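Please consult the sequence and the structure alongside the text.

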Amino acid sequence: MIKKTILKLMMSFVSFLFLIGFASSISISSCGTISSPGDYTLSNNLIVYPQNVSSGKCISILASNVSFDCQGYKISDYSVGSSSIMISSNSQNTTIKNCNMVTYYGTAIGLSGASNSAVLNYTKP
C-alpha cells in the first residue's frame, strides 16, 4: 500500500515537471519582436515579404537570456536586404536553434554584437 502511494506521488511529480517544461515556453506564430527574457518556440512556417515586415526583420530579439527554438519550422525570406532573424547588439546569452532558413536576398541569422550567444542545428537548403 505504501509503495503504491509513493509510486503515485512520484508519477504525479514527474507529470507536473513535464507539464511545466512545456507550459513555460511562449509560442510565436508570426513575425515580431521579442523584448522579454524567456523560452520561445516557433509554431508554424513563416514567409517574409517586404509588405508584411515593416522593420526589415521577421524575428527581432532585443532581450538578453532568450532561447528561440524554430522546432524545425521554416522561415522563408523573400524580402530584399532583410534578416529573417536578427539579434540586436545588446543581446546576451541568446540561443537560436533548430531553424530551417530559406533566404534569397537577405541574411538568415544576424548576430550583431551579441555576446555569449549560439546558433544550433541551423539548416539552409
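Is the link of Cys70 and Cys99 right-handed or left-handed? With 70° about the S-S bond, this link is right-handed.

## Basis of the report

The model is predicted: local features need pLDDT of at least 70, side-chain atom pairs count only at pLDDT 80 or more, and totals for chains, interfaces and linings use all residues. Residues are numbered from 1 along each chain as its sequence is written, and side-chain values use heavy atoms, with hydrogens and water left out.

## Overall architecture

Along the sequence the pattern is α-β-β-β-β-β-β-β-β-β-β-β-β.

Of the 125 residues, 32% count as buried. Here buried means under 20% relative accessible area, exposed means over 50%, and partly exposed lies in between (1.4 Å probe, protein chains only). The accessible surface of the protein chain comes to about 7,500 Å², and 58% of this belongs to carbon and sulfur atoms; the areas come from the Shrake-Rupley method with a 1.4 Å probe, and for residues only the protein chains shown count as cover. Among contacts (heavy atoms within 4.5 Å) with a separation of 6 or more, 68% are between residues 24 or more positions apart.

## The two disulfides

A disulfide is a covalent bond between the sulfur atoms of two cysteines. In this report the term is applied to a pair of cysteine sulfur atoms within 2.5 Å. A search of the whole structure finds two disulfides, and the bonded cysteines, numbered in sequence order, pair as 1-2, 3-4.

Cys31 is joined to Cys58, with an S to S distance of 2.2 Å. This pair links distant parts of the chain, 27 residues apart: Cys31 lies in the loop between strand E1 (25-28) and strand E2 (32-34), and Cys58 lies in strand E5 (residues 57-61). The torsion about the S-S bond of Cys31 and Cys58 is about -85°, so this disulfide is left-handed. Cys31 is partly exposed, with a relative accessible area of 26%, whereas Cys58 is buried at 0% relative accessibility.

The other disulfide joins Cys70 to Cys99, at an S to S distance of 2.1 Å. Cys70 is in the loop between E6 and strand E7 (74-77) and Cys99 is in the loop between strand E9 (94-97) and strand E10 (100-103), so the pair ties together parts 29 residues apart in sequence. Cys70 is buried at 0% relative accessibility, and Cys99 is buried with a relative accessible area of 3%.

## The surroundings of Asp69

Asp69 belongs to strand E6 (residues 66-69). Not counting residues up to four places away in sequence, Asp69 touches Tyr40, Thr41, Leu42, Lys97 and Asn98. The side chain of Asp69 also reaches the backbone nitrogen of Gln71 at 2.8 Å.

## The segment after E12

Pro125 is found in the segment after strand E12 (118-120) and is exposed, with a relative accessible area of 72%. Pro125 touches Asn100, Met101 and Val102, residues up to four places away in sequence not being counted. The C-alpha atoms of Pro125 and Asn100 are separated by 7.7 Å, although the two residues are 25 residues apart along the chain.

Key: Helix = DSSP H or I, 4+ residues; strand = E, 2+ residues; numbered from the N terminus. Polar contact = N/O pair within 3.5 Å; in protein donor to acceptor, adjacent residues only side chain to side chain.
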